Amino acid sequence: MDHENIREIRIDPIVPTQSVLISTARGNRPHKEELPPTRDVREYVESCPFCRGNEHLTPPASFQVPSTEEWEIRAVENPYPILSDVPLPPGVTQGLQQAVEGYGHHEVIIDHSNHGIALDQMSEQHLALLFAFYRDRMRFLYNTDPRIRYVLVFKNFGKAAGGSMPHTHSQLIAMPIVPHNVHDEVEYSQGFYQKNGSCIFCTLIDEAMSLQTTAYDRRSGETRQYYVSGKYVVERGRHFVAIKPFASRYEWEVHILPIKHQSNFLQVTSEELDDLAWVLRRTMTRLKAVVGEVQYNYFIHTVPHVENSSDFAHSFHWHIEICPRTSIPSGFELGSGLFINTISPEAAASQLRQAEVQD
Ligand SMILES: [Zn+2]
Ligand SMILES: [Zn+2]
Ligand SMILES: [Zn+2]
């Protein structure tokens, strides 16, 4: 299949209003914008406020593990918050312009005391600790601030992915609204559940792990059936699976989901997080082996903290979306909202699977 060029518009199975143009011939264009790798690999930088020993350069920690000087992960208020609980004078709006107060919390999570460590270099024990940290911080914010409807946890790695500080970090934004990406996933998956009685994410995981294909013999016209197993699977653990979405917006986009249905990230157990750490480290190692030192974003999508959130317990399925940035969106993409992906998701999954990973 790899030698054949694909040019098709794929509709996102979860959010059908989103689509992506898979156009593999474009991947052969003579010049593709290369983004320079920008990772700062130093372990300690004297002037860096996020390095261990420089705690006096940041606001006091809102949460830290362990609580000693030898901390491994630390959350501090973002000094330049996107949303804040400090009120600003209201702006002026006119006519159709509408604005909602930018209330919320914006924290930086210093992922590791080592300045330049990459995610795939962190120990699995540390990665499990990091995701437990996200979970506990998220729970704390929901429990202490009734105005919060969604806590978005995300990581920007590299300048092209919006990373402004070279020290490895993630961010957490607690907001009084449900962001529309999450809202759309929640709505459409509920529609699927009402129609089919099953979770669309579980259905996609099943399809990704074992795909049945019908093949015809051209000469005799005979039909024979065979299974192509795990065409979209990148990595599979005991509790988590990393899959390449059928309608991937980004060439090397990978999603990680719990294999067993779970709607809320807050429900994840430490035993499950150990497995997530294993799957995540191996997935990042595969990405590095195939695409190199890549800039990326990842974020967690989970059920929002709304009054009727229990309505989505069976239809929504939390997940992590990893979006490596190997090209800059063009005017066509910004203008049309249609993403262009130049590598077929099937070929990308197969390349990632073949990459060697040390245990
Ligand atoms: Zn640092
Ligand atoms: Zn599910
Ligand atoms: Zn999502």
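Mentor: We begin with a sheet: three strands form an open sheet in the order β1-β2-β15, and the pairing is mixed. Its edge strands, each pairing on one side only, are β1 (7-11) and β15 (339-341). From one strand to the next the twist averages 25 degrees. This is a predicted model, in which local features need pLDDT of at least 70 and side-chain atom pairs count only at pLDDT 80 or more, whereas totals for chains, interfaces and linings use all residues. Residues are numbered from 1 along each chain as its sequence is written, and chains are lettered from A and ligands numbered from 1 in the order in which they are written.

Trainee: In which sense do β2 and β15 pair?

Mentor: Strands of a sheet pair through backbone hydrogen bonds, either parallel or antiparallel. Here β2 (residues 19-23) and β15 are parallel, with three bridges; two strands pair if DSSP finds at least two bridges between them. Isoleucine 22 stands opposite asparagine 341 of β15. Helices (H or I, at least four residues) and strands (E, at least two) are DSSP runs, numbered from the N terminus.

Trainee: How many helices and strands does the chain have?

Mentor: The chain has six helices and 15 strands. Ten strands make up an open sheet with antiparallel pairing, in the order β3-β4-β5-β7-β6-β13-β14-β12-β11-β10. Its edge strands are β3 (61-65) and β10 (233-236), each of which pairs on one side only.

Trainee: How is β10 joined to β11?

Mentor: Three bridges join these antiparallel strands, and they form a hairpin with three residues between them. Glutamate 235 has alanine 242 of β11 as its bridge partner. Strand β11 (residues 240-243) also runs antiparallel to β12 (residues 254-258), with four bridges. There, alanine 242 is partnered by isoleucine 256 and valine 241 by leucine 257.

Trainee: Are the residues on the two faces of β11 buried or exposed?

Mentor: In a regular strand the side chains alternate between the two faces of the sheet. In β11, Phe240 and Ala242 on one side and Val241 and Ile243 on the other are all buried. A residue is buried if 20 or more other C-beta atoms, placed from the backbone, lie within 10 Å of its own, exposed if 12 or fewer, and partly exposed in between. Of the 359 residues of the chain, 36% count as buried.

Trainee: Why does glycine 158 count as buried?

Mentor: Glycine 158 counts as buried because it has 20 C-beta neighbours inside 10 Å. Glycine 158 lies in the loop between β6 and β7. Its C-alpha atom is separated by 6.8 Å from that of tyrosine 296, 138 residues apart along the chain.

Trainee: How do helices α1 and α4 cross?

Mentor: Two packed helices are described by the angle between their axes and the distance between the axes. The axes of α1 (residues 124-144) and α4 (residues 270-291) come within 8 Å and cross at roughly 120 degrees. Axes are lines fitted to C-alpha atoms, for helices over the stretch in contact, and angles run from 0 to 180 degrees between N-to-C directions. The two helices are therefore oblique to each other: angles under 35 degrees count as roughly parallel, over 145 as roughly antiparallel, 65 to 115 as roughly perpendicular and the rest as oblique.
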